[in-house]
Amino acid sequence: MAAGVNLCDVRIEETLKIRIGEAKNLPARKEPRYSRNCYCVVTLDQEEVFRTSTVEKSLCPFFGEDVHFEVPRDFRTLCFYLFDTDLIGKDTVLGKVAIKKGSVHNYPSDTWFPLVHVEPDTEVQGRIHIEIKHYEFISDADDDEFSSTPKLSVKVVECTDLYGCNGNGTFSDPYVSITCQRPVLRSEPKKTKVKKRTLNPKFEESFLFEIPDDDVESLVLRCTAWSASLIGEDIFLGEVRVPLSKCDLSSMHEGWYWLGPREEKNDLPVKQDIGSLRLRVTHTQDHVFPSSFYDPLRETILAIKDGQDVQTTAAHILGDIVKDKATVAKSLVRVFSHHNQVVDFIKLVVDHEVLSTKDSNTLFRGNSVATKSVDEFMKHAGMYYLHDTIKCLIDEIYDDHKRCEIDPAKLREGESLEANLVHLRSYVNRLFAAITCSAMACPTVMCQVFHAIREAAVRKFPSDEDVCYTSVSGFVFLRFFAPAILNPKLFQMRNEHPDAQTARTLTLISKAIQSLGNVVSSVLCGQVKEPYMETLKSVILDQEHITAVKRFLEIISSPSRAQGLPVDSTIVLKEGVLVKRAQGRSRLGFKNFKKRFFVLTNKGLSYSKDKTKPVLGHIPVCDILGAESLGEDSFHLKLMVQIIQPDRQLYVQASNTVEEREWTRALRKVCQSNPYRVKKYHPEAFVCGKWLCCKERVEKASGCSPITEVPQPKCVNVAIDCDREIERIHSLFLINLEKLDELQVECESQSENCTVEGTTQEMWKQKLETINDIRSHIISLEQEHKQHRKITHRLTRHGSKKCPWGPTQESPDPFRRHLILQ
């Protein structure tokens, strides 16, 4: 490695991306229930890291779940356990799939694995540290004379990462049993003290064994870890067998060992088919150097500018040679986001994608770096916006557990299709309203990208009246909101997967939201794949919904929102009937309440007698200083909202809690950029000459409670491990170096004699220059990696904590050896 760089400065980061597909041919239960209710548990060694939802009444359960996580520690085996739920007692384990760490990288595509029986004595994990010394003569403990019988001293130092068999896997009560075995006989076992409630016990205990001098080579030292149990037998945690013939006993032998399964098996299980499990596993391991090592490659990747031909950039070249566009887009978006250039990058790839598309109906329909980059960007920049917009409704769908099935073939006996349609329509309309009313909350950086997409599409297809909407709706509705509704856990809105009924409800809602996103297209509007969706389509695809979608898309892609400024044109954000408390006095001296039709726009709040009547009053945005709920003690009424103005409050009453919440949130978002927004307010009204909350008698008195803060959208420049992302890009270039070389040859040829339509020799020369820079940086980085592997291998000591011997010490641990040499 470079001079002055310490090995400790190199980080090893590992990730696992797993797709749990389905199981098949599981053994049936005995009567009265033949089918099973199955779920799958993923473990690193014996530590559970993920659990799927339960699939009921099936011998071929389909899970279809993904899990992606950082590997928190070193592991030997990735295991998948299939369980059958049991209402009484523990769930029954049906079988397992175990993949050794050294083989994990062999299964990046769907693979069927046979399930094998789970044997308790094979479910082990952890390491043990022991010291062994051979004494020819040693003094007896009872006197000062030396014994002529050779003895073996065994010291159990400690164990780490043991299997937790108590407290839901959080601890054990471990001890270690030691014996010296000969081919025929074995010594009496000696035991350490029990260490309570720990998985990393420190023993520091030594034991002496008398051994015949001429029989040392045939002895095997056996150390077995157990967990003490107050009831029943102690629980086996693992064991190691150390042949003394493999140890250099001329000095003290010391080392770490992996704990392994019990080897003595009298009754081996008869092999039988118990089913299989379909899995896809992607394991990545990155050795991340200090940041300075990546500066040359980073500068090449970030070298983009307005008007540049995207084909000459490193990002486009990477997309050309790597098949998995999603992986490319993920790293590129994170790197550009970290350096505040993500909008420029997306503009560049979007412009190229639009120019390369011949038919507006196929715009952004392919698997390209541009589409995947926008997808990744929306997840990255819009997660808070997504949660703020629809999470509360997703939670309600989970909690309500209402039936929404509208497919006649799937209706239960006695179930009402009409009632289900009412439930589904209610959810769809409320989610649709939440989305289309959230335009002003959409993060500015997302609006900048949507504006760039719209402008590029309109320039390329000026005669297509729909393209200004369809170019944006495809991303917002079909690639952002609809997938989030379909899989809330994937978008971090829920910690658990939905049950079968809720999952079906979310699927139907997601289909409806996609259909509503298509209403702006004259080609796609009204198209539904499933006949049973026609019933829902007939009640939601109307002119009102079309207008709402277009208004929403116009706002989030407008030039003003892209610049982070208020929208110039008047845009209706919310409207509806509220009960307003009069601000004047009646003849009898009492305030009265009347229904009024309110309209909230980006310009202000106005009201009239009804939608068709002239405006009776208007409050500009600059005078809306806050919006808060009003306590019931003020007027003995629920659902009251106070709109705070410079001189007085306006009190209105909503028809239900949903309306109250929506109006309050809409008003808060409108005034959040108001520099005169108040910091405190009065939770109760000024009645009978005093504020009921703080008893102040001055009507102009400042508030007594802090206002509700409106969370601002999180900055896109969140904590990103940019060095690791550059390392991933380096790995992608390295894996596809042959394709890069082929592209280099093509560029050399085209730069001399350009034959590709729509390109120039100058473009090919610039592209060749970029490729040469990339190759230089990749080769230089790979030389550093080779040097790092060489030094690591030289300094690695077999038997150390980081590189334990296998359970039998026949050879250094093969999984660690694979890690070192790869």
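Lys100 counts as partly exposed, because its relative accessibility is 39%; the scale sets buried at under 20% relative accessible area, exposed at over 50%, and partly exposed in between, with a 1.4 Å probe and protein chains only. Lys100 belongs to strand E7, residues 92-100. Its C-alpha atom and that of Leu78, 22 residues apart along the chain, are separated by 6.3 Å. Helices (H or I, at least four residues) and strands (E, at least two) are DSSP runs, numbered from the N terminus.

A word on the basis of these values. The model is predicted, so that local features need pLDDT of at least 70 and side-chain atom pairs count only at pLDDT 80 or more, while totals for chains, interfaces and linings use all residues. Residues are numbered from 1 along each chain as its sequence is written, and side-chain values use heavy atoms, with hydrogens and water left out.

Next, the chain as a whole. Its secondary structure comes to 18 helices and 30 strands. Of the 822 residues, 50% are buried. Among contacts with a separation of 6 or more, 68% join residues 24 or more positions apart, where contact means heavy atoms within 4.5 Å.

Ile726 touches Tyr294, Leu297, Arg298, Ile301 and Val335, leaving aside residues up to four places away in sequence.

I turn to helix packing. Axes are lines fitted to C-alpha atoms, for helices over the stretch in contact, and angles run from 0 to 180 degrees between N-to-C directions. The axes of H7 (residues 417-436) and H12 (residues 543-556) come within 9 Å and cross at roughly 30 degrees. H7 is therefore roughly parallel to H12; angles under 35 degrees count as roughly parallel, over 145 as roughly antiparallel, 65 to 115 as roughly perpendicular and the rest as oblique. Their crossing is left-handed, that is, the near helix is turned anticlockwise from the far one by less than a right angle, whereas clockwise would be right-handed. Asn429, Phe432, Ile435 and Thr436 of H7 meet His545, Ala548, Val549 and Phe552 of H12. These residues divide into 5 nonpolar, 3 polar and no charged; Ala, Val, Leu, Ile, Met, Phe, Trp, Tyr, Cys and Pro count as nonpolar, Asp, Glu, Lys and Arg as charged, and the others, Gly among them, as polar.

H6 (residues 383-400) and H9 (residues 467-486) pack at about 35 degrees, with axes 11 Å apart, and their crossing is right-handed. Tyr385, Leu386, Thr389, Ile390 and Ile394 of H6 contact Phe480, Phe481, Ala484 and Ile485 of H9. This contact has 8 nonpolar, 1 polar and no charged residues.

Which values of phi deserve attention? Most residues other than glycine have a negative phi. Gln492, however, has a positive phi near 60 degrees; this residue lies in the loop between H9 and H10 and is exposed, because its relative accessibility is 57%. His636 also has a positive phi, of about 60 degrees. His636 lies in the loop between strands E24 and E25 and is exposed at 70%.

Finally, the cysteines. The count of disulfides, defined as pairs of cysteine sulfur atoms within 2.5 Å, is 0. For Cys447, the nearest cysteine sulfur is that of Cys442, 3.8 Å away. Cys447 counts as buried at 0% relative accessibility, and Cys747 likewise counts as buried at 0%.
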